[in-house]
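Please walk through the structure shown here, moving from the contact between its chains to its cores and its charged pairs.

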Amino acid sequence: MKPEDQEFTSVATLDPGPDKVIGPGHDYGSVTDEIGGVVFRPFLKTPRQMFFGFAFAFLLVNLLMIAVTWLFVRGVGVWGIDIPVAWGFAIVNFVWWIGIGHAGTLISAILLLLKQDWRTSINRFSEAMTLFAVACAGMFPILHLGRPWLAYWLLPYPNTMWMWPQPRSPLIWDVFAVSTYATVSLLFWFTGLIPDFATMRDKAGNATARKIFGALAMGWRNSAKHWARYQKAYLLLAGLSTPLVVSVHSVVSFDFAVAILPGWHTTIFPPYFVAGAIYSGFAMVLTLAIPVRRWYHLEDLITMRHIECMSKVMLGTGLIVAYGYAMEAFMAWYSGGQYERYAFVNRMWAGGYWWTYWVLILCNILIPQALWSRRVRMSVPAVFAIALVVNVGMWLERFVIVVTSLTRDFVPSSWGMYYPTIWDWSTYLGTIGVFLALMFLFVRVLPAISIFEMREVVHHTGKEPTHAHGD
Amino acid sequence: MKSDEPLYWRSLEELASTAEFRAFVEDEFPNRAPDWNNPDSRRGFLRVMGASILLVGAAACTKQPKEVIVPYVRQPEELIPGKPLFYATAMSVAGVATGVLAESHLGRPTKIEGNPEHSASLGATDSAMQASVLTLYDPDRSQTVTHNGSISSWGSFITALAGARDVAGLKNGLGFRILTGTVTSPTLATQIQDFLTEFPAAKWHQYDPCGRHSARAGAMAAFGKPLNTIYRFDRADVIVSLDSDFLSATVPGNLRYARDYSSRRRAAAENPNVAPSRLYIAENAPSVTGSMADHHFRMTAGGVAGFTADLARGGTGAASPEARAVLKDLEAHRGSSIVIAGEHQPPQVHAFVHAINQALGNTGKTVIYTDAVEASPVDEISSIADLVKDMRDGAVETLLILGGNPVYDAPADLNFLDALKRVKLRAHLGLYSSETADWCHWHVPEAHYLESWSDARAYDGTASIVQPLIMPLYGGKTPHEVMNILANHADQSAHDTVRGYWQAYHKSDDFDDFWHISLHDGVIAGTALPEILPLTAKAIDQAAIASLGATAPAGLEIVFRPDPSVGDGTMSNNAWLQEMPKPPNKMTWDNAVWISSKSAERYGVTTGDVVEIEFQGRKVDGAVWIMPGHADESLTVHFGYGRTRAGKVADGIGFDAYALRGTGALWQGTGVNIKRKSGGYKFANTQHTQTMEERDPFRAATYAEFHKDPEFARPEEKRVAKDLSLFPQWEYKQHKWGMSIDLNSCTGCNACTIACQSENNIPVVGKEEVAKGRHMNWLRVDRYFKGPLDDPEMYFQPVPCMHCENALCELVCPVAATVHSAEGLNEMVYNRCVGTRYCSNNCPYKVRRFNFFLYADWDTQSLFGVRNPDVSVRSRGVMEKCSYCVQRINSAKIDAEERDQPVKDGDIVTACQQACPAQAIVFGDLNDPNSRVANLKRQQRDYGLLEELNTRPRTTYLARLRNPNPDLEKG
């Protein structure tokens, strides 16, 4: 039987249930073949859903190209921003995308350090998701500039003007945080891929694939020395990435917390944003993992245990986020500050966007409470639906924070509304297209699950006689 | 001067071959002129000089007669001596002039300032005067003489007009008519009178759509003569305005009135020994004068007549408690009160008011009468009605229209256009190829006042010479030159004509000195009309009172008014005025049908509904705006919109209220019907909130409250400890710039907004962008209603950049594009800005403006001239904001350094400060303890907006003090 055979998949890919991280009957070879099979499957045998999915994503990428071209030609006024709401979809999307990325880093790094077994089959693919999310996020700080061709002025480079960026501005902290995040995530992800590149190189069907994977594998020989150094490097990078989970989104939250605007200027934002980021990140991981595992029949590798653990993390962070909302509202009232109180009155019923707040409560707090029930957690369609709802809810949360707070601030004469235009939506949907297209390409071209770590799982669950290799 | 030879040449070579050019070059470059006969030498010279020859002035290549304009070289205290030259001239609106100083850079006028020596303004300007410089450079101005739609020439026009005159001359001028606006120009009036003397059968008609018809007729009724009334608001303790918006441009002399009125308010606020004045107003729609009133009586425009009648009853005979209280106050201030009738109230009200003022002993003290300012005062409505009748009867063979646009703005029931079509020869002189020019055989472009030699009189009769600052851009002609054709000296220039007139006036050997001084000062000394005393107004008997009192009309009334931004429509195509928010509702680029909310409910309409207005058989569609403070059963519509041939800016905007107005109801009438046609019309307003939303950006108190609690404007909870910061405070050792805005004086007229626009090259963004919240004015005037929305108080608050010492914007800019100067200015560095807009988000005052698109017009050539060369023109993606006119500050500092002197208080005047008629804005050095601004900030009424945020704003406000009548319930 070859991995490409359809029949092969019907036996060993049954979900083993919520207490197993891997299906029964696997050995090193079968795991490798199952994962590698996704990449090595002949092009025409790619599941139909992947074709359609990628085509759709590519269409959105083209939409993005048009939207961005028009933006550069005419100016940032093609969006719905104005005075007072000078930040709209672009910043909402930026924060949303960065937030989504945090799940990947948490799964890869923190769960590694905490030695959680259920991270293995999802970490590669959620780390990829982080990278693509950061790439999408990174577009917005440049696109939303009035003069984007001068974006490099936010970088500290020696120049004839003797000008450096202004370091008290949270936007500069963002530059450092996000670029650090992108760099470290990329390194971490790439390092994790090295043994798998080597596997792919060894199993490659044609010379071109062998050469490309070989180059990426950087001479990996699977020797004990390599493994020893590798484990140390991997742990180091995990250690570096761990604080990023907390710091990056805290720094992003400073964009708002440092400003004086009521609704922005609150000290709860760093932990609240980080919790929200993890919340939305896990929702996105679930949103992606569930279809992919179904279309590629990977249910035995991404089992109900993974689904259930991720649902629990979602529920937990959702509760932290709910606490954050409650505290914000309580503090606004308790402070007795006129502008603080009004920011909430505006958000909840007086302002033009009051309804977004209640949809937000519904999506982020009320609906995910269903996850308390085991039956719901066990139902994959229900979890998928809740994950989508949480994604929407987290987007709305950023919208409520950024836009609603700006619509009404201190001086009533400047109050105004924000009406997103077709270009706001096109740019946003376009970045979703970029993200999905990159995810589809990734799944098609690289091993979406970490092969060597799955082999370790096989080893730990005792299906193979012990070999003397590193832990 | 050569008349109509083409003055263009195709190459410099061709130019070089003319004798004049050679003479010019030899004169200009002695010992360096090339050998003209040697082609190489000639070509080499031309190659080197290139286009600079044109700049040096060889363009026309003809010798102009010497017409000497005299610069205003000796500056008054507040102005800066330096590179720009200032010339005194005067701008007329509906014939009445106000003196201005026009700032000229390199031979082009770029900014208008007030002339401090002119009695009508004492140095202030209004928004139309500030915007007038843009009209000079308007690319939509007519640029050529046309005949039957084809390009023609001035020479051909001369031939045609002279021919028509000759034909009419055979019959002593029968059939020849001249139509002008209100003429105060002594020169023009003399020319016309000379013409009429020579051709006795010819006639001269005058018509201005928003002229002083009622005031003239009222004076005729009261005195038998069309006397001119002027007021001394500084001497008035009690002012009763019967629908008179005397602080706005609808009343001639308003700039002076604003200055006088506010100086009295200021004196009372600062000095407890000066009693505050009290202003009552009865009006149908909120106005800037209404915003200053201590008591506001909301009533229909028709109801004002009844109120007047009530006042005329005197003593305790008045019917309403308000009238009784007002009368009591007036009686207590005989001789120091003013009752003023609205320009747009019927003549009977004016006549009554003259009698009331006389009975109160105000005549000669606060109410001054002079001879008419108009050279030849007539009932203009009869004048134009007679013209139309004669045209319709075929009695008019030649009609010469000198300025004006009667096809657009003549009373609609006359049907001017229909009658006009019967005139055999129609000629029009105008700035634009307007609705009227469209129907005339000849159209001659008019010279803008900044290109003209002329003269005019102000509200008190003071005459000024109008001197040009630039040669007519498009060969425009003044009315004087056209009249010279009729007088058979077509070759005489306007300059010589005007000078000729004044030479006859000042028959003395020192005429040259007289001329020079008059041009320099901007006023002709001794020409203010003398006061007329003694004077008796026609008495009012009980029958008259009863009759006026009974005219309170029933049914829905319609009220016609000139537009607060665009006026009577003459300046409709001025984009600065179109984008200027109208004070009561902050609307731009549109006019609307104002209605109260109760009436809106009654008639089933709401804001944004398009209604068909039907009045006296005429119908026009307009969009509705519910106006807080508007009287019930009353609609207000404004002129100046619904243009079809104004230019690219104004065409198709708003609706034409002139099409509803007839001779029988010039300013108001009842019997109007509205029918809703559709909904959802989108307006573009710069401010959406009506009230202060339970905050207190604008602080006001009555005098009684002020005496009880002098610190009312700075309550304890709004104050911040001086050293509330982790960082050491910067010590401003040199200059410490600051600004104080007196809310007790600001009338909300928006002159400052347009002055700032003119000074700082602020772009216009258009209706759509304003609707999206992207208007660019650096200085905005906020408007707040306080109290019940159907009868609120209305307050105005100008908001420039606060230049906070703890600037929030500076903190968050990632590229340091906004930084703080050592003198306290928050400086915006345009070329460093990348446009993250974080600064705008963090500014609690929202004073920052962003160029979302490339708003500045980089393409239209003629607009290059209007820009101030001292201020950059910003491009797309860059933030901008009020800079405290840093270009003026730096200019003053440089000058002071050159003279080795310190900068004195008053050397630096910001554009907004200079324009303000009420002197509400004061800028200066806080480190100078004697400066005006330092003194103002020491007052107890001084407070900073959002001070409690610890921004430490350098711009602070002086709270408003109100002086309500204790007898009247609303206090």
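This is a predicted model: local features need pLDDT of at least 70, side-chain atom pairs count only at pLDDT 80 or more; totals for chains, interfaces and linings use all residues.

Chain B gives 52 residues to the contact and chain A gives 54. Between them the two chains bury about 4,400 Å², with 57% of that area on carbon and sulfur atoms. On the side of chain B, B:Arg695, B:Tyr838 and B:Arg876 account for 18% of the area buried against chain A, more than any other three residues.

Across this interface there are 33 residue pairs in polar contact, both residues at pLDDT 80 or more. The elements of chain B that give two or more residues to the side touching chain A are strand E30 (780–786), helix H26 (808–812), helix H27 (838–842) and strand E34 (849–850). By type, the residues on that side of chain B are 23 nonpolar, 13 polar and 16 charged. One salt bridge is found across the interface. It pairs B:Lys846 with A:Asp409, whose closest N and O atoms are 3.1 Å apart.

The largest nonpolar core has 310 residues, and A:Trp264, A:Phe435 and A:Phe442 touch the most other members. Helix H4 (residues 89–113) of chain A supplies the largest share of this core, 17 residues. Beyond its neighbours within four places in sequence, A:Phe442 is in contact with residues including A:Phe125, A:Phe132, A:Trp189 and A:Pro447. A second, separate core of 43 residues has B:Met391, B:Ala419, B:Ala600 and B:Ile613 among its members.

B:Ser336 sits in the loop between helix H12 (321–331) and strand E12 (337–341) of chain B. The relative accessible area of B:Ser336 is 15%, so this residue counts as buried, the cut-off being under 20%.

Over all chains the salt bridges number 59. One of them joins B:Asp166 and B:Arg165, at 3.0 Å from N to O. In this pair B:Asp166 is partly exposed at 43% relative accessible area, whereas B:Arg165 is buried at 4%.

Another salt bridge links B:Arg941 and B:Asp742, with 3.7 Å between the closest N and O atoms. B:Arg941 is in the loop between helix H30 (932–937) and strand E37 (942–943) of chain B, and B:Asp742 is in strand E29 (residues 737–742), so the pair ties together parts 199 residues apart in sequence. B:Arg941 is buried, at 1% relative accessibility, and B:Asp742 is buried as well, at 3%. In chain A, salt bridges that share partners connect A:Glu308, A:Lys312, A:Arg374 and A:Arg377 in one network.

Technical notes. Residues are numbered from 1 along each chain as its sequence is written. Chains are lettered from A and ligands numbered from 1 in the order in which they are written. Side-chain values use heavy atoms; hydrogens and water are left out. Contact means heavy atoms within 4.5 Å. Buried area is the accessible area (1.4 Å probe) that two parts lose on being put together, summed over both. A salt bridge is a side-chain nitrogen of Lys or Arg within 4 Å of a carboxyl oxygen of Asp or Glu. A polar contact is a pair of N or O atoms within 3.5 Å; within protein, one must be able to donate a hydrogen and the other to accept it, and residues adjacent in sequence count only if both atoms are side-chain atoms. Helices (H or I, at least four residues) and strands (E, at least two) are DSSP runs, numbered from the N terminus. Ala, Val, Leu, Ile, Met, Phe, Trp, Tyr, Cys and Pro count as nonpolar, Asp, Glu, Lys and Arg as charged, and the others, Gly among them, as polar. A nonpolar core is a set of buried Ala, Val, Leu, Ile, Met, Phe, Trp, Tyr and Cys residues joined through side-chain atoms within 4.5 Å. Buried means under 20% relative accessible area, exposed over 50%, partly exposed in between (1.4 Å probe, protein chains only).
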